[in-house]
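Subject: Structure handover

Hello,

Here is the structure I promised. Please open it before you read on; my notes follow.

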Amino acid sequence: MIEVKGFSFTYPTGSRPALCDIGFEVGPRELCAVVGGSGAGKSTLAGVVSGTVPHLTGGTAQGAVQVNGRDLADTPLSGLVGEVGLVMQNPFNQISGARFSVREEIAFGLENLGVPRDEMVARIDPVLHDLGLAGVADRSPYELSGGQQQLLAIGSILVMRPTVMVLDEPTSQLDAAGNALVFEALGTLKEKGVTVLLIEHRMERLARAADRVLVLDRGSIVANGTPEEVLADE
Ligand code: ADP
Ligand code: ADP
């Protein structure tokens, strides 16, 4: 689960806090969406929960962020493998290279961890199947549709078996068919019992799949409720 308490963060070059005294919890197996307009602090929050902000960005942080009871300020990024995974907005920031097949791409993180070969297969095949990628497992990632590429990015994190996943605007570059694929993948993550923080631009329909929606505005949480309560007038 995710617990954020009285958290504020300012980038090294920031003139005002990107996040300002925010607090929320996302319980085990919960799907929580974060919506807000440009500059609201959504990407910053994705980085905070996945441990890259402020570890990789620098800047000034106050308050506490815990994932599965571990304080992120005291946890090196390497200590978060298998706990929290970030799926980036553009899958090609994450996909490592055209020389790999889809299957090899999904194997990449496990290889880096030194996971034994039979365990790799035992982990990869179900993920390919669950995400509907089994039929394209031997293709190049570059031959996939945009939606399938996003599923691949999700799969290469899912195979690491994190208990918490952060998805940063996973459908922002997708057409309706790609949106539908990612929507189904959210259902798969829920079935697997993954706690999900789903970052979405305001108005995007994907947030309606969430158990709960947080609305960010200029670094502050201005609403926290069910999709019906929070998205009612949009
Ligand atoms: P969103 O994802 O909702 O568009 P961001 O988290 O990207 O919002 O940005 C929140 C605020 O932090 C904005 O004012 C933005 O200009 C600022 N910001 C984002 N990234 C950086 C950075 N690397 N350095 C300085 N300021 C940043
Ligand atoms: P767009 O403006 O629609 O993003 P691009 O040509 O940049 O157009 O990307 C089209 C699709 O191909 C996107 O899904 C993108 O993620 C993916 N893509 C990005 N870089 C590459 C690449 N080097 N080779 C093949 N596909 C790529």
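Predicted model: local features only at pLDDT ≥ 70, side-chain atom pairs only at ≥ 80, totals over all residues.

Ligand 2. Asn 90 places a polar side-chain atom 3.3 Å from an oxygen atom of ligand 2. For Gln 149, a side-chain N or O atom is 3.1 Å from an oxygen atom of the ligand. On its own, ligand 2 exposes 540 Å², and the protein buries 33% of that.

Aromatic pairs. The structure has 2 of them. One joins Phe 9 and Tyr 11: the ring centres are 4.9 Å apart and the planes stand at 80°, so the pair is edge-to-face. Phe 9 is buried at 0% relative accessibility. Tyr 11 is partly exposed at 31%. Phe 100 and Phe 108 form a tilted pair, with 5.5 Å between centres and 50° between planes. Phe 100 has a relative accessible area of 13%, so it counts as buried. Phe 108, at 30%, is partly exposed.

Helix H2. This helix covers residues 102-113. Its buried residues include Val 102, Ile 106 and Leu 110. What do the buried residues of H2 pack against? They pack against helix H3 (117-130) and helix H4 (146-158). Just after H2, Gly 114 has a positive phi of about 75°.

Best wishes

Terms used:
Residues numbered from 1 in each chain as written. Chains lettered and ligands numbered in written order. Heavy atoms only, no water. Buried < 20%, exposed > 50% of the residue type's maximum accessible area, 1.4 Å probe, protein only. Helix = DSSP H or I, 4+ residues; strand = E, 2+ residues; numbered from the N terminus. Contact = heavy atoms within 4.5 Å. Polar contact = N/O pair within 3.5 Å; in protein donor to acceptor, adjacent residues only side chain to side chain. Areas by Shrake-Rupley, 256 points an atom, 1.4 Å probe, with all protein chains shown as cover. Phe/Tyr/Trp six-rings, centres within 6.5 Å; stacked < 30°, edge-to-face > 60°.
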